[in-house]
Amino acid sequence: MTSRHRSSEAPKGLNSLSPRRRTVVKAAAASAVLAGPLAAALPARAATDAPAFLHGVASGDPLPDGILLWTRVTPTAEAVPGSGLGPDTEVGWVVARDKAFTNVVAKGSTTATAASDHTVRADIRGLEPATDYWFRFSAGGTDSPVARTRTAPAHDAAVAGLRFGVVSCANWEAGYFTAYRHLAARGDLDAWLHLGDYIYEYKSGEYAARDKVVRPHAPANEIITLADYRVRHARYKTDPDLQALHHTAPVVAIWDDHEFADNAWSGGAVNHTEGAEGTWSARKAAATQAYFEWMPVRPAIEGTTYRRLRFGRLADLSLLDLRSFRSQQASTASGSVDDPDRTITGRAQLDWLKAGLKASDTTWRLVGNSVMISPFVVGSLSADLLKPLAKLLGLPQEGLAVNTDQWDGYTDDRRELLAHLRTNAIRNTVFLTGDIHMAWANDVPADAGTYPLSPSAATEFVVTSLTSDNLDDIVKVPEGTVSAIAAPVIRAANRHVHWVDTDRHGYGVLDVTAERAQLDYYVLSDRTSPNATSAWTRSYRTRSGTQKVERTYDPV
């Protein structure tokens, strides 16, 4: 059996020339499903065999006439997530125009089975556009919590404005999900976008908050099997702040690498040892199955998360899957970042994206994008900052200025896409991005080498992590210390970058009108505190027709 050791300082470990090493969980132990870890994925419940809705309810992927509803029922005490135990259970659902359910507009039932981990998905149609609804589930005389959802505007509706929460990178062991609570408390979201890393796959203690586990996840081992992935999703769904946000507005989610394994690509991952951890195809299939069981995501193409939603004539939202079809990240052994045979999207997805952007008749073309598309070079950072920044961004630590896990590692795909935007005069394309645990506001230049003489083809707003380590956490210095030094150097070397905050945790609120798309950046006081406060820190916008980012001094 091989063994690997990965530095506990590596946060996401996006990519480097040398694969990171870590200790492999023995295959037999990884496959074993024990009662303790499974039970840990459940909150406390009464000692009764009455059905219970312990993981809340959720909705997602709003359409003008429909919404996807989700829950997980625990029919009996032994039917814990990932166990494969428990009877078939009839679960009813009801949708109403009011929270008291006096005006019911739809109802029905389905059967929850162990084969789907007793998760339930109901794709409701026949609803009115741009309308608030309330829903709940029931089983065996027990009702679930009541939740609000909202349908999308009609296809050709003139929409005055849209407002979305924007989040990414929620590491359970690194802190509390208070960002979700603060978004839920707003009460003004049409939906919220999760741009990837909704869960993390690591074993307990391997990736926490400055090496400290704030709260242990379940199972304790690295997740490899279908049961493992189910238990980890279940653990996340017990978080009260995450439940609160799911109970307030529909989610629109895509996956990134940690829903599978760190630095996943079509044929493997950095955080996967073929053989010792089974085959990549089996692990990927398990992760995919658990994801669609536990998330209110309606895949347009089975087995992927790339799809498109429309919000009247104001905006459409193209959602990308940048893991399932990509070539292996470039290294000395696996090819040049400029190799035209290497892809981050796959041919079919890139053609779909280009066609959708060209055909769009909305004012704004939003793109849910899990890794940064804007080019990035390091600049003249000091050695003590270059090494941790390289770890965070996935750069070779010798200083080669390319991020091979992101679009920088697949320059031919990026060139083709940006040329398509320029050639076809496609305006108002805004990439919404997560992944790198930092906040950015960028122009996306058609040719980074000559910017600002080269025109900007699009704009990009990158949100920081909810809890996952960022640059000051790696260096282990007070928050803001590194950003004060690194941000000016990064901006000097990357003139298309209007702002970067390397240090803080938080979320974004995207507000879209016909005149502009604006992202307000919010930061948390302390990710390790369940009582963390939230504060607005910056806002950037792109005005219609400009393809440029500019600072604005008030949140919406």
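Biologist: Let's start with two helices. Which residues in α4 meet which residues in α6?

Modeller: On the α4 side they are L226, Y229, R230, H233, A234 and K237. They meet R283, A286, A287, Q289, A290, Y291, E293 and W294 in α6. By kind, the residues of this contact divide into eight nonpolar, two polar and four charged. Please keep in mind that we are reading a predicted model.

Biologist: How is the packing of two helices described?

Modeller: Two packed helices are described by the angle between their axes and by the distance between those axes. Here, helix α4 (residues 226–237) packs with α6 at an angle of about 35°, and the axes are 8 Å apart. The crossing in which α4 passes α6 is right-handed.

Biologist: Let me try another pair. At what angle do α7 and α9 pack, and how far apart are their axes?

Modeller: Helix α7 covers residues 347–359 and helix α9 covers residues 411–423. Their angle is about 15°, with the axes 10 Å apart. Angles under 35 degrees count as roughly parallel, and α7 and α9 are therefore roughly parallel to each other. This crossing, too, is listed as right-handed, with α7 passing α9.

Biologist: Which residues make the contact of α7 with α9?

Modeller: From α7 come R347, L350, L353, K354, L357 and K358, and from α9 come D413, E416, L417, H420 and L421. This contact divides into five nonpolar residues, one polar and five charged.

Biologist: Why do R347 and D351 count as partly exposed?

Modeller: Look at the relative accessible area: under 20% is buried, over 50% is exposed, and partly exposed lies in between. R347 counts as partly exposed because its relative accessibility is 46%. D351 counts as partly exposed because its value is 36%.

Biologist: Which parts of the chain does the salt bridge of R310 with D156 link?

Modeller: The side chains of R310 and D156 meet at 3.9 Å, N to O. R310 is in strand β12 (residues 307–311), whereas D156 is in the loop between β8 (147–150) and β9 (162–167). The pair links distant parts of the chain, 154 residues apart. R310 is buried, at 17% relative accessible area, while D156 is partly exposed, at 48%.

Biologist: How many salt bridges does the count come to?

Modeller: The count comes to 35. Another of them joins the side chains of D123 and R125, at 3.2 Å from N to O. There is also a network of salt bridges, which links R163, R186, D188, D511 and R516.

Biologist: Now for burial within a helix. Which residues in helix α3 are buried?

Modeller: In α3, residues 178–186, the buried ones are T178, A179, Y180, L183 and A184. They pack against β9, β10 (191–194), α5 (240–246), β19 (506–512) and β20 (516–524). Just after α3 comes G187, with a positive phi of about 70°.

Biologist: And loops? Where is A79 found, and is A79 buried or exposed?

Modeller: A79 is in the loop between β2 (66–72) and β3 (89–96). With a relative accessible area of 0%, A79 is buried. Leaving aside neighbours within four places in sequence, A79 is in contact with R72, T74, L85, G86 and H118.

Biologist: How far apart are W265 and R323 in sequence and in space?

Modeller: They are 58 residues apart in sequence and 5.1 Å apart in space, C-alpha to C-alpha. W265 lies in the loop between β11 (251–253) and α6 (280–294). Beyond the neighbours within four places in sequence, W265 is in contact with W280, R323, R326, S327, Q328 and Q329.

Biologist: Finally, the whole protein. How many helices and strands are there?

Modeller: The secondary structure comes to 11 helices and 22 strands. Of the 556 residues, 63% are buried. Among contacts with a separation of 6 or more, 71% are between residues 24 or more positions apart.

Note on methods: Residues numbered from 1 in each chain as written. Predicted model: local features only at pLDDT ≥ 70, side-chain atom pairs only at ≥ 80, totals over all residues. Heavy atoms only, no water. Axes fitted to C-alpha atoms, helices over the stretch in contact; angles between N-to-C directions. Helix = DSSP H or I, 4+ residues; strand = E, 2+ residues; numbered from the N terminus. Parallel < 35°, antiparallel > 145°, perpendicular 65-115°, else oblique. Left-handed = near helix turned anticlockwise from the far one by under 90°. Contact = heavy atoms within 4.5 Å. Nonpolar A, V, L, I, M, F, W, Y, C, P; charged D, E, K, R; others polar. Salt bridge = Lys/Arg side-chain N within 4 Å of Asp/Glu carboxyl O. Buried < 20%, exposed > 50% of the residue type's maximum accessible area, 1.4 Å probe, protein only.
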